[in-house]
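Welcome, and please open the structure in your viewer. We will take a short walk through it, one selection at a time.

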Amino acid sequence: MANRSIQSTGAYLPLLRFERKAARAELAWSGLGGNGKGRRAVAGWDEDALTQAVEAAREALAQAQGAIARVVFASTSSAFSDRSQAVIMADALNIARDAETADLANCRRSAVSALLRALRGAPGTELIAAGERRLSQPGSAAHLSWGDGAAAAVVGDGPGLARLLGAGRVNLDLLDSYTSVARGLPYAAEERFSRDSMVSEALIPAAQAALAEAGLRGEDVALAVVPEAVSGLYAAAARKLGMTAPNVIDRLAPEAGELGTAAPLFGLALALEQAEPGQIVLLAGCGNGCDVLVLEVTAKTHNRPAHQALAEGVPLTSYSRLLSLTGGIELDWGPRAEVNQKVSASVLARHGREMHGFVGGRDQGGNVQFPKTPMPVNPALAEPGVYEDVILRDEPARVVSITADRLNFTPDPPFYFGLVQFENGARVVMEHCDVEGQAQQVGAPLRMRFRIKAIDRQRQFRSYFWKAAPLARPQLAAKE
């Protein structure tokens, strides 16, 4: 088996967490709305599967070593069917242009499949990131049980956090839930049928094969990561496999929701953040069959992005705002929303990589600016600019000014913008995001976040850039 390991993990959840009790109260007249327990993570209007995956990847790359040779993006809710999200991700993370890129779709276990290939694959460091923002019908179980979010893992040569001991796979065209291109919304089969079929025909045989290859038994597993698109999946399989290990992914359903393709990697991050060296982790990816990996934890990590993501956020109690953010209703925003935001392919070709990567320039006099201009903004220079690339994405920054504007159109008012001062001297007028409640004070620290800049609603094209967000997020109150 290749001498490769999981080097680091990352996780991301959007700021907003919808309180399910608000849906139960709103839909009480209909008998819908679920049991009203827990929360689900809700992406902002300017977040999608890609932007969330970029944020999770940033967390993973912060702990990784060496240049990235391969980038994999996995999702069942990508905004494009023929525009590589992995390429945009590589640009956003300033990964070399000759790195291999791949987009995986159409299967909820694709991220785990990619992780297995990476652990058994060619030398070189590989980034695997998965993100989801899936559409669902208001009133359906999925609308409240599914959540938005992302997770990532970096695989490289040599020792790391965990190594692969064994793996098993079963392919099964089980229609537990499917979304057709024509309909665009999911359709779910009866839960008991889905659970029983997945457990007996896919999860158990795949897990048995993985444990056999590792030379282990179910009782040797210390932590399990088994996504449960339907309840009771893990408990039914654990009884047959002789496993008593807790399923760490159990935290997701009540605190963030079911994250689709991103769920197994998010659960893996949770497991590795609490595991001790020598412990065995069983990781499953389920969807049209199962991939099961048996991993040995080889090092302790003190990084906790997954636990931190679950602990932070802002409660959302407006059911109508949830519907607006998730596409359940389309509001009439008036004439100010009637703007043409077409993006020129030639402009994107010339400036896209610097926009996506937030690459500014340091001129001959040492001044840093964004964007680069033919003539530097530095008044001391009178010659055309010769710039050294400067990446502003991770540069410390603070608020110089901020305005809450209700005249400019935004799908989730108000529109926040202002002047941002970077520690290296750059000053950029930017949009702000993740501002809930009172706007930040002048001098408050900021963190850059990769977001949708604009959506051309005529052509359904979206462009991406970075926005300024508060450096720290508020802590969620514990659920009773």
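## A first stop at L316

Select L316 to begin: leaving out residues up to four places away in sequence, L316 touches L16, R17, F18, E19, V42, R321, L322 and L325. Please keep in mind throughout that this is a predicted model. L316 sits in strand β14, which covers residues 314-316. Is L316 buried or exposed? With a relative accessible area of 3%, L316 is buried. Q364 is 48 residues away from L316 along the chain, and the C-alpha atoms of the two are separated by 48 Å.

## Zooming out

Show the whole chain as a cartoon. You can look for twelve helices and 23 strands. The radius of gyration is 23 Å, close to the 23 Å that the globule rule gives for 480 residues, so the chain is as compact as a globular protein of that length. Turn the view along the principal axes, and the C-alpha atoms fill a box of roughly 75 × 60 × 40 Å.

Of the 480 residues in the chain, 55% are buried. Contacts can be viewed along the sequence too: among those between residues at least 6 apart, 72% join residues at least 24 apart.

If you like, colour the charged side chains. There are 50 positive and 52 negative ones, and the centres of the two sets lie 2 Å apart.

## Helix α2 and Q52

Select residues 49-61, which form helix α2, and pick out Q52 within it. Q52 has 0% relative accessibility and so counts as buried. Which residues is Q52 in contact with, leaving aside neighbours within four places in sequence? They are Y12, P14, A43, E47, E132, R133, D148, G149 and A150.

## Helix α6 and S197

Move on to helix α6, residues 191-214, where you will find S197. S197 counts as buried, at 10% relative accessibility. Apart from neighbours within four places in sequence, S197 is in contact with L172, L174 and A202.

## Helix α7 and its cover

Helix α7 comes next, at residues 233-241; L233, Y234, A236, A237, A238 and L241 are its buried residues. Keep α6 on screen here, as the cover over the buried residues of α7 includes α6, along with β11 (223-225) and β12 (280-286). Then step just past the end of α7 to G242, which takes a positive phi of about 70°.

## Helix α9

Now select residues 263-274, which make up helix α9. This helix has twelve residues and reaches 17 Å from its first C-alpha to its last, close to the 16 Å expected at 1.5 Å a residue. How many of the twelve residues of α9 are buried? Eleven are, so α9 is largely enclosed by the rest of the structure. The buried ones are A263, P264, L265, F266, G267, L268, A269, L270, A271, L272 and E273. While you have a helix in view, here is a handy rule: an α-helix has 3.6 residues a turn, so residues three or four places apart point the same way.

## Backbone details in the loops

The last stops call for a look at the backbone. Start with N94, in the loop between α3 (85-92) and β5 (100-104). N94 is not a glycine, yet it has a positive phi of about 55°. At 24% relative accessibility, N94 counts as partly exposed.

D434 also has a positive phi, of about 60°, although D434 is not a glycine. Find D434 in the loop between β21 (427-431) and β22 (445-456). D434 is buried, with a relative accessible area of 18%; the cut-off for buried is under 20%.

Finish with two peptide bonds. The bond from F370 to P371 is cis, with omega near 0°, and P371 lies in the loop between β16 (368-369) and β17 (388-391). Another cis peptide bond joins P413 and P414, with omega at about -5°. P414 is in the loop between β19 (403-405) and β20 (415-422).

Key
Residues numbered from 1 in each chain as written. Predicted model: local features only at pLDDT ≥ 70, side-chain atom pairs only at ≥ 80, totals over all residues. Heavy atoms only, no water. Helix = DSSP H or I, 4+ residues; strand = E, 2+ residues; numbered from the N terminus. Rg over C-alpha atoms; globule rule 2.2 N^0.38 Å. Buried < 20%, exposed > 50% of the residue type's maximum accessible area, 1.4 Å probe, protein only. Contact = heavy atoms within 4.5 Å. Lys, Arg positive; Asp, Glu negative; His and termini not counted. Charge placed at Lys NZ, Arg CZ, Asp CG, Glu CD. Expected span 1.5 Å × (residues − 1).
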